[in-house]
Amino acid sequence: MAALAGSISRRYARALFSIGVDRGSFEQLGKELGDFAELWAGSAELRQALANPIFKASEKKNVLLGLLPRVTPTPDVQKFLLLLLERRRLQAVANISRAYREMADLHTGRVRAQVTSAQPLAPAELERVRTSLARRTGKTVIIEAAVDSALIGGLVARVGDLVLDGSVRTQLDSLRDKLLN
């Protein structure tokens, strides 16, 4: 069932993405879709109002119509979200947004790197990591930083299937394995 949901999400994302590419506004459409997906994920009240079968379709539509101009000023995104509501697919907006972002990244030659460090990295350190990963991948790199104190020190960078692990925890684990064998 998850594969089917992913396929449906990609199909919806592809439809909006092709509109954005045709109009030269795919970055703006993706940003607005992502903004709405964040709002959806962060608001239990909104999910309750728009996903609950107790409320009439016309009531749900009025709620969404009142909200959309403030969150998504682009008419294409507004129509798209209204279509999702009508087809009862609004719950998939996070997956649709993720699929859209992947399409936009592929289209522009970007990759996203998850960089996890033991402590927050300074902007200059993040820039050095970004530059290094860009050289290694040959693409523009967008860093998504996270902190995991269990790493002790160093960092772990994931870009697609590539994992670069320079954490102290991994080095200690490796040393322990060598000493025990």
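Helices are DSSP runs of H or I with at least four residues, strands are runs of E with at least two, and both are numbered from the N terminus.

Before going on, a word about the model. It is predicted, so local features need pLDDT of at least 70 and side-chain atom pairs count only at pLDDT 80 or more, while totals for chains, interfaces and linings use all residues. Residues are numbered from 1 along each chain as its sequence is written, and side-chain values use heavy atoms, leaving out hydrogens and water.

Now let us look at helix lengths. The expected span is 1.5 Å times one less than the number of residues.

| Helix | Residues | Length | Span between end C-alpha atoms | Expected span |
|---|---|---|---|---|
| α5 | 75–86 | 12 residues | 16 Å | 16 Å |

After α5 comes Arg 88, which has a positive phi near 60°.

Helix α4 has buried residues too: Lys 60, Leu 64, Leu 67, Leu 68 and Val 71. What covers them? The cover includes α2 (26–42), α3 (44–51) and α5.

Further along, helix α6 (residues 93–108) contains Ser 97. Is Ser 97 buried or exposed? Ser 97 is buried, because its relative accessible area is 12%, under the 20% cut-off. Leaving aside residues up to four places away in sequence, Ser 97 touches Leu 33, Gly 34 and Ala 37, where a contact means heavy atoms within 4.5 Å.

Finally, the whole chain. The protein chain has 8 helices and 4 strands, in the order α-α-α-α-α-α-β-α-β-β-β-α. Its radius of gyration is 21 Å, whereas a compact globule of 181 residues would have one near 16 Å; the radius is taken over C-alpha atoms, and the globule rule is 2.2 Å times the number of residues to the power 0.38. Along the principal axes, the C-alpha atoms fill a box of roughly 70 × 35 × 30 Å. Of the 181 residues, 34% are buried. Among contacts with a separation of 6 or more, 62% join residues 24 or more positions apart.

Conventions: Buried means under 20% relative accessible area, exposed over 50%, partly exposed in between (1.4 Å probe, protein chains only).
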